[in-house]
Amino acid sequence: MTAPQVLETSVHTSITVDAPIERAFNVFTEGIGTWWPPGHHLIEAELAEMVFEPFAGGRVYDRGVDGSECCWARVLVFEPPSRVVISWDINLSWKVESDHSKTSEVEVRFSAEGPDRTHVELEHRNLDRHGEGWEQMRDAVGSPNGWSLVPFAEVLARS
């Protein structure tokens, strides 16, 4: 695994996992709730589940035990098993951003390195779209508590 690299307006990280490409893609997307850090949610209610709608135009959202929902991303590109792009509809105050011109994008690419090994590359880009002070978002998602793919790899290793 590589540590996140912070570039001007983007953050890059990657990891190689011992899993077939289809499985890695499915766990990253539809299985997002199995590896996403439990404290990284915007929903006010206790979290019941994370939902990743597996199609372009779908949503990524948290559902609370009370039935409430918090949609924090849109699925922009869905190309299983090699690529997915979602919006990052979260503002600098860590609230949902409804103005899509002020949101960034997360692209994840999956490359088979054999039948049971996959290289995963994540790029969180266009962070400057978040407006004045965008560097704080770049620094947050580029930190050790930001885009770490280690929990994702750990889930794949356990199952």
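Trp94 is partly exposed, with a relative accessible area of 38%; buried means under 20%, exposed over 50% and partly exposed in between (1.4 Å probe, protein chains only). This residue lies in the loop between β6 and β7, and has a positive phi of about 60° although it is not a glycine.

The model is predicted: local features need pLDDT of at least 70, side-chain atom pairs count only at pLDDT 80 or more, and totals for chains, interfaces and linings use all residues. Residues are numbered from 1 along each chain as its sequence is written, and side-chain values use heavy atoms, with hydrogens and water left out.

Helices (H or I, at least four residues) and strands (E, at least two) are DSSP runs numbered from the N terminus.

**Backbone features**

Most residues other than glycine have a negative phi, and most peptide bonds are trans. Asn126, not a glycine, has a positive phi of about 60°, and its place is the loop between β8 (117-125) and α3. A cis peptide bond, with omega about 0°, joins Pro80 and Pro81; Pro81 is found in the loop between β5 (69-79) and β6 (83-88).

Leaving aside neighbours within four places in sequence, Glu105 is in contact (heavy atoms within 4.5 Å) with several residues, among them Leu76, Val85, Glu123, Arg125 and Asn126.
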